[in-house]
Amino acid sequence: MGISENARGPAQVVIVWCTRRAITADARYTDTGEVRHLRAGIRWLGLARLLALGRHPAGVSVLTNLSTLALERFRHSGRQRDLDRAVRHGEAALRALPEEHADRAAVLSNLAAALETRFEWASSADGVADLDRAVSMGRDALLTLPADHAGRAGYLSNLGTSLQTRFLHTGRPADLHEAITLGQTAVAVASAAAPTRAMLWSNLSNALRLRYEYTGHPEDIDDAIRAADEATHCGQESAPVRVAYLVNSAAAHRIRFDHTGLPDDLDRAVQRYLAALEATRGRPSARCAVLTGLGGALTARFELHGDRDDIDEAVRVSRQGLMCLPDGDPGLGTAASTLATALRVRHLSTGSEPDLADAVDAGRTAVHAVSADQPDRMTYLANLAHALHDWFSLTGDLSVLEEALGCLRAAVASASAGHPLQIRHQGSLAAVLQTRFEHTGRAADLDEALAVLTAAVPAGLELLRDQSGAARNPPLQRDRPGHAANVAEALTTRYRLTGDLADLDQAIAHARFAVESASVHRPDQTAFRSSLAGILQARFQRRGDVHDIDEAIEHARAALAATPTRHTQLTGRQSALSLALEARFERTGRPADLDEAVDLARRAVEASPEGRPGRPGLLSNLSVALLARAQLTGDPVDLSEAVAAARSALTGTRPGHPDHPMYASNLANALRTAHDRLGRPDELDTAIDLLQEAVRTSPLEHLDRATLLSNLAAALQDRHGQTALEADRVAGTTCWREAAETATAPAWVRLRAANEWATWAWQSVDPATATTGNLKAVSLLSELAWHGLDRATQEEHLGAWTGLASQAAAGAIAASRPDTAIEALEQGRGVLWSQLLQQTDPLTRLTEAHPDLASCLRNVRDRLNRPRTGGATLHQPGRTRR
């Protein structure tokens with residue numbers, strides 16, 4: 001109810017005059033947004049109230065109007081006493097009003113608005129009583145109205161708004177469905193010329209948008225956008241009200257973009273926020289929410305296109321939006337969290353430590369600005385956790401990681417079952433648990449991460465459907481691709497812990513599901529393809545199946561092609577494709593792959609400024625590609641650049657970082673080659689020192705430890721050839737043996753180590769040790785060519801080790817161990833028989849008649865034939881292994 005001078009009977013001239021002055025002041029406030037006019041209106045009504053003393057017939061009107069203006073002043077000032085006065089005056093007006101009074105509906109509705117606002121401001125769950133009273137009063141107001149009342153549409157819409165608020169607090173779907181029904185009825189009964197028509201459309205849009213977030217029905221968000229556009233096109237509203245409608249329209253377009261990835265929606269959201277910002281000129285109090293919304297939309301657009309101007313503007317306007325809010329304002333949490341996100345995203349792009357520090361501070365401000373039961377708090381907690389996770393990556397401070405875990409545990413605990421954000425927060429919690437595992441080695445963290453992910457979604461990759469066949473729980477379905485990607489990462493991490501290929505196969509299945517089920521318009525699909533490429537490459541490095549590396553390159557190339565030029569992930573995806581191409585070159589020897597790998601790795605480094613997180617990894621990957629090409633062509637320029645890049649990668653990484661041993665090994669390899677090719681005598685000693693340190697600082701059962709040991713053994717072997725130091729021979733032999741016996745390492749790494757172990761032992765006239773090494777090498781042939789590989793790959797692997805069993809048998813005979821010679825020959829013959837039997841695979845004919853059944857049986861056979869491995873490892877995904 002607005003300002004009224006209706007005294008309902010004889011009234012003193014002064015009361016009427018004061019009321020008229022209050023009306024004028026309120027109109028000026030509406031036009032200008034200057035709070036002094038609002039204060040003047042409240043003073044005039046206060047004087048009128050004193051004159052009426054609660055007995056004059058005009059007293060009810062004056063109290064109701066005072067309640068309305070006190071509530072409006074609260075929205076401007078955020079002072080609790082204004083809100084309490086609004087409720088108190090409204091309650092006094094209701095008590096003084098007869099049951100059958102014509103204005104009773106208006107008084108009830110105004111009091112409901114004040115109670116609902118006090119609930120939103122409440123610092124504890126006790127405020128829910130205010131919300132229930134607001135809903136009850138909204139219903140009572142409707143019951144007192146005649147069916148043909150001209151303002152009925154407004155009352156319907158107001159009750160719908162209260163129900164929306166209660167839904168956000170309780171999650172009861174009935175409240176939200178009723179709110180939408182009331183909103184649709186309100187729009188239907190309102191006349192075309194009704195001054196509140198725009199408000200009705202806007203409230204309906206909000207309810208539809210909210211239901212879309214919880215149910216995922218596409219028609220809801222489409223209807224929400226149409227309703228929001230109707231509100232902005234009505235043309236009857238004042239400038240301040242138009243701002244709210246433009247903001248609602250922008251929010252609807254932003255939400256549709258978040259779920260579909262259509263860039264046009266994001267551009268429309270930005271345009272509407274800018275139009276709303278223009279409409280707030282001269283009204284600073286109305287700008288805060290607009291600035292916050294614009295900052296969020298610009299941040300999202302930067303993540304989509306990588307335009308640096310967008311993220312700089314996002315930080316600027318988000319900071320402005322936060323600074324213009326007083327302490328305790330209900331919008332403080334959203335504004336601070338939006339700024340935190342913008343700062344974090346800019347940090348990820350530029351490597352700015354001050355940005356990340358400010359992001360953490362803003363995130364903490366957001367969390368502390370709201371009570372524990374506020375629905376948005378879980379989002380603020382998750383955003384803070386992301387910034388803390390990045391801060392840990394920068395500093396290695398485990399207390400920061402513990403704080404991040406605490407935030408995410410609280411976010412997951414506060415999300416009710418079926419909440420659209422629950423699965424997302426569970427995925428984030430699992431990711432941070434994996435990070436702690438990778439830095440502490442606590443296997444319990446990895447187990448908990450997988451348990452969290454398993455609990456989030458029922459088992460299986462199929463879409464959930466109800467009895468009618470329709471998709472069930474659409475919000476869960478929308479996040480299912482991202483959840484599958486999280487599961488794939490967790491399984492890949494566990495594979496690096498245990499070496500169990502079953503985990504790697506499951507990881508690929510989940511990663512494929514993420515790619516195939518994500519909309520082609522979603523930016524996430526590009527990230528999913530990049531992740532799948534990395535996991536396929538990991539399996540190639542373990543099994544050597546060229547089909548895996550070919551597919552990995554296909555996905556990595558597609559992900560890179562879909563990444564905008566200035567996107568924050570561009571350099572990482574360039575480097576990832578470079579790694580895959582270099583890995584294929586090592587297998588196939590195609591120079592074109594190596595040239596492209598060098599070019600991509602160089603472009604990635606050049607686009608990554610000094611100090612940017614991840615730059616050492618890019619430098620190390622460039623070093624690997626350059627070194628491979630230098631070894632192929634003998635180009636000294638490539639070799640010198642490889643050494644420089646590897647050295648920069650190592651010096652840019654703190655000791656104790658999980659990648660430090662790998663970078664040290666890469667530099668050592670480059671120095672060894674420089675020693676061999678360029679005759680630099682000191683480089684070999686430096687390389688050995690680096691490799692010894694890398695082995696010493698890597699966990700005993702690290703997945704790459706066998707490679708580190710092999711590199712150290714080769715370097716010691718080189719120096720022994722020059723100096724004949726017995727210590728080098730003994731240490732080198734020990735390294736080869738340890739590498740061969742590392743169960744989590746790829747079969748080809750272990751086989752090569754076992755063969756070198758035997759070879760060096762023969763050279764040292766140690767036939768017993770040589771025989772043990774030879775027998776170990778022969779035992780690895782079956783794992784090298786296991787039945788899960790296609791026949792051509794198996795033959796290629798075995799062809800590289802022709803005569804190994806005969807060589808082992810000859811050595812055993814020379815060592816006077818004929819039983820061992822027979823054992824070696826039998827193992828070699830067993831591998832050949834296995835190949836022969838597979839050549840006449842009965843599944844070939846079954847495939848022609850029943851391909852699905854044949855595929856099922858083949859999978860069972862492959863699982864039974866898969867070699868079993870064990871051990872523990874710590875490794876960062878997506879990095880070079882040399």
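This is a predicted model: local features need pLDDT of at least 70, side-chain atom pairs count only at pLDDT 80 or more; totals for chains, interfaces and linings use all residues.
Residues are numbered from 1 along each chain as its sequence is written, and side-chain values use heavy atoms, with hydrogens and water left out.

Reader: Are H9 and H10 roughly parallel or roughly antiparallel to each other?
Author: Helices are DSSP runs (H or I, at least four residues), numbered from the N terminus. H9 covers residues 197–215 and H10 residues 218–233, and they pack at about 160° with axes 8 Å apart; axes are lines fitted to C-alpha atoms over the stretch in contact, and angles run from 0 to 180 degrees between N-to-C directions. Angles under 35 degrees count as roughly parallel, over 145 as roughly antiparallel, 65 to 115 as roughly perpendicular and the rest as oblique. H9 and H10 are therefore roughly antiparallel.

Reader: What is the handedness of the crossing of H9 and H10?
Author: A crossing is left-handed if the near helix is turned anticlockwise from the far one by less than a right angle, and right-handed if clockwise. For H9 and H10 the crossing is left-handed.

Reader: How do H5 and H7 lie to each other, roughly parallel or roughly antiparallel?
Author: H5 (residues 104–121) and H7 (residues 152–170) have axes 11 Å apart and an angle of about 20°. H5 passes H7 in a left-handed crossing. From the angle, the two helices are therefore roughly parallel.

Reader: Which residues of H7 meet H5?
Author: Contact means heavy atoms within 4.5 Å. On the H5 side are Ala105, Ala106, Ser109, Glu116, Phe119 and Glu120. On the H7 side are Tyr155, Asn158, Thr161, Ser162, Thr165 and His169.

Reader: How many residues apart in sequence are the parts tied together by Cys288 and Cys324?
Author: The structure holds 1 disulfide, a pair of cysteine sulfur atoms within 2.5 Å. Cys288 and Cys324 form it, with sulfur atoms 1.9 Å apart. Cys288 is in helix H13 (residues 287–305) and Cys324 in the loop between H14 (308–323) and H15 (332–350), so the tied parts are apart in sequence by 36 residues.

Reader: Which residue's side chain has a polar contact of 2.6 Å with that of Arg729?
Author: Arg729 lies in helix H32 (residues 726–740). A polar contact is a pair of N or O atoms within 3.5 Å; within protein, one must be able to donate a hydrogen and the other to accept it, and residues adjacent in sequence count only if both atoms are side-chain atoms. At 2.6 Å, the partner of Arg729 is Glu726.
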